Amino acid sequence: YDCIVMYDMCPTGITPEQALEQLPDPAYSPASRCALETALLDLLAKQHHQPMYRWLNPASNPVVRVNATLGALDDKIVERAGATINQGYSTLKIKVGISDPQQEITQLRLLCDSLTETISLRLDANRSWDMDTATAYLHQLKGMPIESLEEPLHQPSIEALQRLQRETDITLALDETVAQISIDDLS
């Protein structure tokens, strides 16, 4: 229904660029706005005879690596990782921030010791830590094939995330926080 209301808000006979400018605030109905915005961007890309990813960013990679989700770290993580790698995955996602941080780091080291250099890990802390715990955890990940750490802070703010990102080369990723802070303010 929201999508129909949004569609009705855009008059006919305007360019896709004008329609993009007239889309309502994302807070109104984020999913519907995303659908309309994506459709308009796709239309613009087609008008430029390019796939949307290339039109949005000429340097973008046409291959999107998907990850297999292994769940939380436990005594079977190396076994689950091996089975998943045998299925063809090269990126593994693991939930962290569930157990004692030192116990998790030990399990991550064991896992990393079992991996070839073609395998990378994405970690998801689900907002488990305060700044000190997140910083200490990140420092202990040095040298491991960690591609990203999602949602490390239980009270995220732009300033806190920027401070934490300065502590590591590992990319900090956001999920639910995106709806609460303005990504445009991140740099």
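Predicted model: local features only at pLDDT ≥ 70, side-chain atom pairs only at ≥ 80, totals over all residues.
## Nonpolar cores

The largest nonpolar core of the model has 34 residues, and those with the most contacts inside it are Ile94, Val96, Leu108, Leu121, Leu123, Leu141 and Leu149. At least two residues of this core come from each of the strands β1, β2 (91-95), β3 (120-124) and β4 (146-150), and at least two likewise from each of the helices α5 (77-86), α6 (101-114), α7 (131-140) and α8 (158-165).

## A salt-bridge network between strands

The count of salt bridges in the model comes to 10. One of them joins aspartate 124 to lysine 93, with 3.7 Å between the closest N and O atoms; this pair links distant parts of the chain, since aspartate 124 is in strand β3 and lysine 93 in strand β2, 31 residues apart. Both aspartate 124 and lysine 93 are buried.

Aspartate 124 also forms a salt bridge with lysine 95, where the closest N and O atoms are 2.9 Å apart. Because aspartate 124 lies in strand β3 and lysine 95 in strand β2, this pair ties together parts that are 29 residues apart in sequence. Aspartate 124 has a relative accessible area of 2% and is therefore buried, whereas lysine 95, with a relative accessible area of 25%, is partly exposed. Through salt bridges that share partners, Lys93, Lys95, Asp124 and Glu150 are joined into one network.

Aspartate 42 counts as partly exposed at 28% relative accessibility, while lysine 46 counts as exposed at 53%.

## Exposed sites and a surface patch

Threonine 12 lies in the loop between α1 (2-9) and α2 (16-22), and with a relative accessible area of 72% threonine 12 is exposed. Computed along the sequence, threonine 12 and alanine 68 are 56 residues apart, and their C-alpha atoms are 43 Å apart in space.

Valine 66 is found in the loop between α4 (52-56) and β1 (68-72), and its relative accessibility of 55% makes it count as exposed. Together with Val64 and Tyr89, Val66 forms a nonpolar patch on the surface, and the three residues have about 290 Å² of accessible area together.

## Positive phi angles

Most residues other than glycine have a negative phi. Histidine 49, however, has a phi near 55 degrees, a positive value in a residue other than glycine. Histidine 49 lies in the loop between α3 and α4 and is exposed, with a relative accessible area of 75%.

Glutamate 151 likewise has a positive phi, near 45 degrees, and is a residue other than glycine. The place of glutamate 151 is in the loop between β4 and α8, but glutamate 151 is buried, with a relative accessible area of 1%.

Definitions and conventions:
Residues numbered from 1 in each chain as written. Heavy atoms only, no water. Helix = DSSP H or I, 4+ residues; strand = E, 2+ residues; numbered from the N terminus. Buried < 20%, exposed > 50% of the residue type's maximum accessible area, 1.4 Å probe, protein only. Patch = residues over 30% accessible without salt bridge, like charges linked within 9 Å, V, L, I, M, F, W, Y side chains within 5 Å. Areas by Shrake-Rupley, 256 points an atom, 1.4 Å probe, with all protein chains shown as cover. Salt bridge = Lys/Arg side-chain N within 4 Å of Asp/Glu carboxyl O. Core = buried A, V, L, I, M, F, W, Y, C linked by side-chain atoms within 4.5 Å.
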